[in-house]
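Let's take a walk through this model together. Have the sequence and the 3D view open, and follow along one piece at a time.

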Amino acid sequence: MVQKLRHGLSGEQFAHPLDRAGIQRLTDLMAKSKVTKNLTENMHAEAEEQFYLLNLADNTKLSELQGSSVYRLVQEIAEILDTPIPSVFLDTTSEVNAYALGGTNPSIVLTSALVDTFPEPALRAVIAHELGHIICSHTFYRLLAENFEWFSKLVSLIPILCPLFSLGVQWALFDWYRKSELSGDRAALLGTQDLEAVQNCILRLAGGSSRLGNELRIPEFIEQAKEFQEKMKAKREQNIKERIKFLFSDFMLQHAISTHPWPAVRLQEISSWASSKQYALLLAGDYESALAAAPVPTDEDRFTLPAPPGEDIKEYVKDLGKVAGDALKGLFKRSEPTDDPDKK
Ligand SMILES: [Zn+2]
């Protein structure tokens with residue numbers, strides 16, 4: 001039986017710490033320019049209105065009288081998460097996808113391929129994940145990341161927008177975008193209280209097919225996620241030269257400039273959070289203690305979910321300095337005069 005969460009759940013209480021740190025870095029970068037800050041605030045309100053209009057024009061708005069079986073799922077999950085029911089749109093496309101936008105007038109869009117191919121528990125998980133993005137106020141920056149190319153064309157028309165599209169902001173934006181998925185997955189778990197459904201949803205997004213639907217197995221995917229984490233761990237334990245080489249490999253650079261999150265990482269993160277104290281406290285309605293119980297990200301998290309290269313390079317340069325420092329100290333030690341006659 002899925003229990004309704006206590007009133008007053010906020011994004012802060014369940015958001016992944018790497019998501020929170022990422023959005024802080026992003027807003028700090030944006031806030032450096034007052035013009036950019038004001039413009040993004042205006043764009044936010046404008047984008048919400050445009051998104052709603054576009055959906056009214058292009059997609060089917062679901063309700064109790066229109067596509068009611070899917071609309072009812074959204075109603076149920078919004079009630080469990082104690083959040084207002086957003087407008088729900090169905091988009092006809094072969095792409096399995098869902099997205100959300102809005103703060104004051106939120107909407108979520110589900111694609112027909114998603115609704116047609118996902119079993120109900122996984123579809124519930126997707127809906128709860130999208131509601132999570134709304135609760136965490138992620139949606140504007142996610143829209144910016146998803147349409148970065150389109151927005152960056154505006155720069156040629158409005159030069160004061162330039163700071164918004166610097167490489168530093170782009171990296172911080174994409175980096176945060178991937179980490180925001182981790183909070184969405186936590187909302188998926190809170191809204192369904194069904195870890196297998198969330199895992200199944202991530203597995204299907206990694207590589208799903210209606211033909212293979214019943215043959216896809218979570219334990220196999222968990223093994224795949226473990227193999228990935230072990231390989232990333234081995235990369236971290238290489239010497240500094242090799243680590244820098246890996247950081248600049250095509251694999252890592254493509255990752256840095258893409259919005260695509262790694263499903264293998266998402267699977268591991270949500271599976272371990274499901275047995276955390278924070279999750280249990282949230283279900284029990286003890287939101288204050290839940291926030292205090294939030295696990296602090298470890299170095300392992302930071303490497304499996306790397307920060308933008310700019311940040312990492314600073315770390316590595318620090319490491320390089322340390323190594324050089326140690327070598328120099330060794331040199332002085334060897335040449336230090338000693339009073340011990342046995343050592344002469
Ligand atoms: Zn998401």
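Predicted model: local features only at pLDDT ≥ 70, side-chain atom pairs only at ≥ 80, totals over all residues.

On the α10 side, the contact is made by Leu-195, Val-198, Gln-199, Ile-202, Leu-205 and Ala-206, while α14 brings in Pro-263, Arg-266, Leu-267, Ile-270 and Ser-271. Sort the residues of this contact by type and you get 8 nonpolar, 2 polar and 1 charged.

Now for the strands. Here's how β2 (87–91) pairs up with two partners:

| Strand pair | Sense | Bridges | Residues facing each other |
|---|---|---|---|
| β1 (residues 60–62) and β2 | antiparallel | 3 bridges | Thr-60 and Leu-90 |
| β2 and β4 (residues 107–111) | parallel | 5 bridges | Phe-89 and Val-109 |

Next, hop to Thr-83, which sits in the loop between α4 (68–80) and β2. Is Thr-83 buried, exposed or partly exposed? It has 19 C-beta neighbours inside 10 Å, so it counts as partly exposed; being buried would take 20 or more.

Which residues does Thr-83 touch, leaving out those up to four places away in sequence? They are Ala-78, Leu-131, Ile-134 and Ile-135. Take Leu-131: Thr-83 and Leu-131 are 48 residues apart along the chain, yet their C-alpha atoms are separated by 8.0 Å.

Technical notes:
Residues numbered from 1 in each chain as written. Helix = DSSP H or I, 4+ residues; strand = E, 2+ residues; numbered from the N terminus. Buried ≥ 20, exposed ≤ 12 C-beta atoms within 10 Å, placed from the backbone. Contact = placed C-beta atoms within 7 Å. Nonpolar A, V, L, I, M, F, W, Y, C, P; charged D, E, K, R; others polar. Pairing = 2+ DSSP bridges.
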